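Open the model in your viewer and keep the sequence panel beside it. The tour below says what to select and what is there.

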Amino acid sequence: MLRLSLPSLFLAAALPAAAEINFRTQVLPVLGKACAECHKAPQKDSSGKVQNPKGGLRMDAPSHLLKGGSGGAGIEPGDPDKSLVYQRVLLPQEHEDAMPPKGKGKPLTFAETELVKNWILEGAKFGDWKGSDAATTAATAPGSPAKRTADPLAAGVTEAPADVLKKIADLGAIVGPVSTDSKLLRIEFVANTSTITDKTVDLLKPLAGNITDLDLSNTKITDAAMATIGTFTRLTRLSIGGTSVTDAGIASLKGLVNLDSLNAHSTQVSDAALATLQSLRKLKQVHFWKSRVSADGAKSLQKALPGSSVSID
Amino acid sequence: MIPNQPDELSRRQLLTSLAKSALGVSLLPLTGPTVAHGADFVPNRPRAAKSVIFLMMSGGMSHLDTLDVMGKKKDVLGKTEAISTSATGMQLSANLPKTAQQMHHIALLNGMNTTQGAHEQGQYLMTRSYIMRGTIVHPALGSWVVRLAGKRNSNLPGYVAISTDPNQAAGGFMGAKYSGVPIGEPGQGLQDSMRPNSVTEADFEKRLKLADSMNKQFHTLVSNPSIREHNNLYSDALRLMRCEDLKGFDIAKEPTEMQELYGKSRFGQGCLLARRLVEHGVRFVQVTLGGWDTHYDNFTAVPARAKDLDDGLAALLKDLHRRGMLNDTLVVLGTEFGRTPEIIGEHQDGRDHFPQAFSCLMAGGGVHGGTFYGKKDDKGGKVVEGLTTPQDLNATIGYALGLPVDQVVISPSGRPFTIADKGKPITALFS
């Protein structure tokens with residue numbers, strides 16, 4: 001045993017002197033030549049049929065290589081025995097799982113399989129190669145922008161001034177587009193609500209044409225803020241639950257023809273506000289729990305607005 | 001004091017397992033240091049849900065005695081009866097009379113199927129989307145949600161786990177900062193989060209400075225990430241201690257009738273706390289109800305558990321709706337597996353573990369209420385339509401929140417993971 005292991009010790013000592021394997025310049029060309037044709041992102045062929053990557057394995061980005069396909073992890077850093085990509089290229093050509101399959105490309109040479117093995121042993125570092133990872137996440141998410149039609153409300157919306165957005169975010173608010181494809185804004189004051197006042201709402205004036213979703217629940221705003229909010233013409237959702245807003249505040253909303261949801265629970269709003277709300281024809285959801293709106297009032301508003309739900313409980 | 005069910009978490013277990021998962025960091029600082037504020041998160045669909053309340057029925061909830069009674073044969077239902085609900089044509093078990101009145105908000109997932117038939121493994125898959133392994137701890141669903149969507153209220157933790165084993169809420173490879181903040185007794189809120197009255201603010205400041213000057217030398221000599229993380233934990237704890245949003249943890253601030261609406265059980269009060277936390281901007285709250293492992297005497301044990309569930313769940317849906325919060329809050333009821341259609345006489349009419357077919361539910365968060373997805377045969381033993389895996393359930397939660405469900409997060413060991421593994425969202429549940 002001793003006699004055998006001594007020379008191999010020398011060998012092992014000699015190896016690490018070589019520079020670390022560079023994925024982009026050394027490994028990628030090998031994999032590109034032998035594998036990329038069948039293991040890429042799903043694409044349509046000339047007949048319009050979608051071609052999925054073989055075996056569910058994509059090799060066009062680090063994440064796909066690591067994740068592997070239906071058989072398991074493609075690359076297991078540090079462990080060639082568990083890396084299917086390496087295992088499959090080692091198989092004899094006759095084997096049904098051998099890669100590349102017969103007729104689809106030349107088998108890898110010994111030098112090439114050794115290169116892949118050593119790269120895996122070194123930790124399978126991809127260096128600066130990102131492949132398709134850079135672009136994938138947003139585009140493939142379900143409900144991604146491409147699948148939806150444009151929102152007519154967003155027509156003519158200008159970019160919101162960044163300095164104003166920052167000022168509001170610094171107050172602890174959530175400020176941002178309503179969804180990835182929109183310039184329309186949602187603003188939620190969730191943190192430190194006792195410090196959010198009419199003055200805070202004044203700060204939103206430069207965003208008047210952008211705000212479509214505004215949550216001021218449990219803040220210290222009054223009817224004065226409602227006058228400002230009344231100028232936010234693209235507003236579709238407004239939450240003022242738990243504030244001291246009254247009927248006078250609701251009267252300020254008469255120009256908000258796009259409003260479809262109003263949450264006014266735990267406020268002083270009463271039946272006197274219903275005439276204004278009845279004129280907002282897009283209203284679909286109204287919450288009046290613990291307000292001064294009566295059951296009959298809620299029922300008559302619901303009747304006046306087809307397809308709406310007006311709840312007091 | 002409410003006595004514990006055999007498979008429920010005791011205070012002692014909570015402390016032991018917390019000590020293990022927090023590695024010497026005290027409870028309060030676990031409130032999520034340096035986790036990104038959600039300001040930069042943009043949902044990929046408009047009007048996505050903002051928060052999740054996940055009700056975990058631990059022990060394996062018997063589907064035939066709770067959610068899935070429609071069109072089932074008498075011999076598999078046993079003593080359980082079906083009642084009509086607020087949604088036309090839909091039925092629930094008579095064990096859930098109050099929930100039945102909220103059925104118009106609820107979508108039943110009756111096609112649930114899992115590969116795991118043991119409790120720990122089943123719960124792991126349900127709450128983490130991956131099979132349990134010895135070599136890695138996958139992050140909990142709440143950790144994923146906070147990682148992908150950030151916090152809604154930067155003063156508060158993004159993820160709170162009530163009456164839940166802290167191991168089950170662990171951030172896994174994402175680290176302690178993504179773990180759920182554990183609350184044992186809902187009524188006690190966040191422990192040790194207030195400055196004691198005997199210490200004035202000035203004194204407190206002085207002590208902090210002293211500790212800081214003593215630590216300084218050590219920090220310059222030994223600089224490593226875990227020490228820096230520890231430091232961040234303290235600054236976050238201090239911010240929480242001094243902010244008004246801390247009252248989100250205090251259900252004593254709720255009127256008596258509200259506390260009674262939710263039921264006086266630990267689970268009911270946990271649901272009340274969950275609503276309060278979501279109102280204050282917590283992104284993900286899990287509330288666990290144990291005691292569902294009804295191998296013996298199923299028809300006595302299930303109604304007892306179902307009462308706590310019924311009080312808590314029905315109150316939660318009603319209360320969220322009244323406050324106009326239900327559209328923005330996805331309520332999910334999960335469990336690790338179902339129980340056998342076969343009633344086992346020699347075990348005083350018990351039911352055993354049954355991973356092949358079970359039921360969960362979703363409500364709010366944009367989900368169409370008064371519906372069901374998936375179907376079992378008339379014995380409740382086989383999914384015949386709309387087979388749904390735990391991964392599909394978690395993908396659906398991600399979809400509801402407008403998260404990029406296929407966004408890859410690479411573990412420190414270099415492996416890629418996603419919030420729901422290969423799960424597909426059930427988009428049919430949403431408008």
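Buried means under 20% relative accessible area, exposed means over 50%, and partly exposed lies in between, with a 1.4 Å probe and protein chains only. This is a predicted model, in which local features need pLDDT of at least 70 and side-chain atom pairs count only at pLDDT 80 or more, while totals for chains, interfaces and linings use all residues. Residues are numbered from 1 along each chain as its sequence is written, chains are lettered from A and ligands numbered from 1 in the order in which they are written, and side-chain values use heavy atoms, with hydrogens and water left out.

**Stop 1: chain A**

Select chain A. It holds 12 helices and nine strands (DSSP runs numbered from the N terminus: H or I of at least four residues for helices, E of at least two for strands). Of its 313 residues, 44% are buried. Chain A exposes about 16,000 Å², and carbon and sulfur atoms supply 58% of that (Shrake-Rupley method, 1.4 Å probe; for residues, only the protein chains shown count as cover). Among contacts (heavy atoms within 4.5 Å) in chain A between residues at least 6 apart in sequence, 51% join residues at least 24 apart.

Now go to Pro100(A), in the loop between α4 (84-90) and α5 (110-121) of chain A. The peptide bond leading from Met99(A) to Pro100(A) is cis, with omega near -15 degrees.

**Stop 2: chain B**

Select chain B, where there are 11 helices and 16 strands. Buried residues are 59% of its 431 residues. Of the contacts in chain B with a separation of 6 or more, 75% come from residues 24 or more positions apart.

Next pick Ser163(B), in the loop between β5 (159-162) and β6 (181-183) of chain B. Ser163(B) is not a glycine, yet it has a positive phi of about 50 degrees. Is Ser163(B) buried or exposed? Its relative accessibility is 8%, so Ser163(B) counts as buried.

**Stop 3: where the chains meet**

Show both chains. The contact takes 41 residues from chain A and 42 residues from chain B. The size of an interface is often given as the accessible area lost when the parts come together. Here the buried area is about 3,600 Å², 50% of it from carbon and sulfur atoms (the accessible area, 1.4 Å probe, that two parts lose on being put together, summed over both).

Between the chains there are seven salt bridges (a side-chain nitrogen of Lys or Arg within 4 Å of a carboxyl oxygen of Asp or Glu). To see one of them, select Lys50(B) and Glu188(A), whose closest N and O atoms are 3.8 Å apart. On the chain B side, helix α10 (residues 298-322) gives the most residues to the contact with chain A, four.

**Stop 4: Arg237(A) and Arg47(B)**

Select Arg237(A), in strand β6 (residues 237-239) of chain A. At 10% relative accessibility, Arg237(A) counts as buried. Leaving aside neighbours within four places in sequence, Arg237(A) contacts residues including Leu259(A), Arg47(B), Lys50(B) and Asp328(B).

Finish at Arg47(B), in the loop between α1 (11-22) and β1 (51-57) of chain B. Arg47(B) has a positive phi of about 55 degrees although it is not a glycine. With a relative accessible area of 36%, Arg47(B) is partly exposed.
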